[in-house]
Amino acid sequence: MAKYFVSVVVPLFNEEENVFELVHEIVSVMNATNYSYQILLVNDGSRDYTWTKIQALAKEFKQIEAINLAGNYGQTMALRAGFEQASGEIIVAMDGDLQHDPQYIPVFIEEMQKGNYDMVGGAKIRRPESAIKNFLAETGHKMIKSISGVNLRYFGATFKAYRSYLLQGSNMLGDSHRFLGAIVARKGTRYTELPIEIRERKRGKSNYKISKVFLVILDLLFLKFFISYINKPFRIFGLIGLINFLIGITLTTGFTVGSLFFQLNIKEHYLAEFLFSVFLMLIGTMFLSIGIIAEIGVYNYFQKSFSPPYKVREVITDEKIIIPLKLENQSSGQLMNG
């Protein structure tokens, strides 16, 4: 696989009316730079002629590579497929509906190099949407910022540039692309945002539905777990289990001692309370067991997949050259300068 400096990853679903113009815009912008680049178009099971248009564009431009997914897996899976195929040192993700202006791509890259950032994202100046959607979006951003502890102004936008090592082994699932910035921009990661204009959609139909708001709320719970406890799940399950178990055993002991030594009539007056205390003990034991199983599962995952629970920014070779570290080298047990 050829190596590039920049990989532009674009997921596409029913964008036959936009893909031609989008590709020509990207090519025009990137050809005006000195960067070697590839454009990865990921067709996410489109039901129109998007794939046919992609095939024609691939014949026209040598920089284009394409992935045709065998079904509509959603934007997260389409992005993941593109990230795993990308060979650029810098990976730029953007939407395929022409709302993201390719003119910002070199701006992101220049800012990344100037400030030695790991991630540069676009924060909307204003978005051409209804007041309700804007309100929900702003509320969502505040919740994500609070949960993740990542100080980004705009989480939802796909339009970001990443150094490739941040995305190696990201294993995105569900709709986690919404929180990708929060997931990768954690301890030690250098990131910034630049103000950008979001263009009006010219053609085609938006795939966003207001019903997705409720799914985002569920995903926020997963985000909190992923960020805080993915490497130590026993702490959260164990804490819940220990609290329940201690409350349960304290109440059970109290009822038992009262029944044996103080004529406390559990059967007639406190049966429900006694059963509830036993229930708390069982729940506590169950959570403790889940925590242990989850901890073993995480350990086995990182051992068998050779995917370490950390990201490495760079290594210094014996030739004293600083280079990005590829994922396959991260399991070698080398000492790394991160």
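Residues 24 or more positions apart account for 78% of those contacts in the protein that have a separation of 6 or more, a contact being heavy atoms within 4.5 Å. The structure is a predicted model, in which local features need pLDDT of at least 70 and side-chain atom pairs count only at pLDDT 80 or more, while totals for chains, interfaces and linings use all residues. Residues are numbered from 1 along each chain as its sequence is written, and side-chain values use heavy atoms, with hydrogens and water left out.

The protein has nine helices and nine strands; these are DSSP runs numbered from the N terminus, with helices (H or I) of at least four residues and strands (E) of at least two. Of the 338 residues, 43% are buried. Here, buried means under 20% relative accessible area, exposed means over 50%, and partly exposed is in between, with a 1.4 Å probe and protein chains only. The protein exposes about 18500 Å², and carbon and sulfur atoms supply 60% of this area. Accessible areas come from the Shrake-Rupley method with a 1.4 Å probe, and for residues only the protein chains shown count as cover.

Leaving aside neighbours within four places in sequence, Leu12 is in contact with Val19, Leu41, Val42, Asn43, Asp44, Ser46, Thr50, Ile54 and Gly96. Between Leu12 and Leu79, the C-alpha to C-alpha distance is 9.6 Å, with 67 residues separating the two in sequence.

Aromatic rings come next. Rings of Phe, Tyr and Trp (its six-membered ring) pair if their centres lie within 6.5 Å; planes under 30 degrees apart count as stacked, over 60 as edge-to-face and the rest as tilted. By this rule there are eight aromatic pairs. The rings of Phe83 and Tyr162 have centres 6.4 Å apart and planes at 70°, so they form an edge-to-face pair. This pair links distant parts of the chain, with Phe83 in helix H3 (residues 75-85) and Tyr162 in strand S6 (residues 160-163), 79 residues apart. Both Phe83 and Tyr162 are buried. Elsewhere, ring pairs link Tyr104, Phe108 and Phe159 into a cluster.

With a salt bridge taken as a side-chain nitrogen of Lys or Arg within 4 Å of a carboxyl oxygen of Asp or Glu, the count comes to four. Glu25 and Arg199 meet in one of them, at 3.0 Å from N to O. Glu25 lies in helix H1 (residues 19-31) and Arg199 in the loop between strand S7 (191-196) and helix H7 (212-229), so the pair ties together parts that are 174 residues apart in sequence. Arg199 also forms a salt bridge with Asp101 (3.8 Å, N to O). That pair again links distant parts of the chain, as Asp101 is in the loop between strand S4 (88-93) and helix H4 (104-115), 98 residues from Arg199. Within it, Arg199 is partly exposed, with a relative accessible area of 22%, whereas Asp101 counts as buried at 18%.

Arg80 is buried, with a relative accessible area of 18%, while Glu84 counts as exposed at 55%.

Helix H8 (residues 233-261) has 29 residues and should span 42 Å at 1.5 Å a residue; its end C-alpha atoms are 41 Å apart, which agrees. The expected span is 1.5 Å times one less than the number of residues. The buried residues of H8 are Pro233, Gly238, Gly241, Asn244, Gly248, Thr252, Phe255 and Gly258. Ile243 is also found in helix H8, and at 44% relative accessibility this residue counts as partly exposed. Together with Leu239, Ile247 and Leu251, Ile243 makes a nonpolar surface patch of about 340 Å². Patches are made of residues with over 30% relative accessible area and no salt bridge, where like charges are joined within 9 Å and nonpolar side chains (Val, Leu, Ile, Met, Phe, Trp, Tyr) within 5 Å. An α-helix has 3.6 residues a turn, so residues three or four places apart point the same way. Just after H8, Gln263 takes a positive phi of about 50°.
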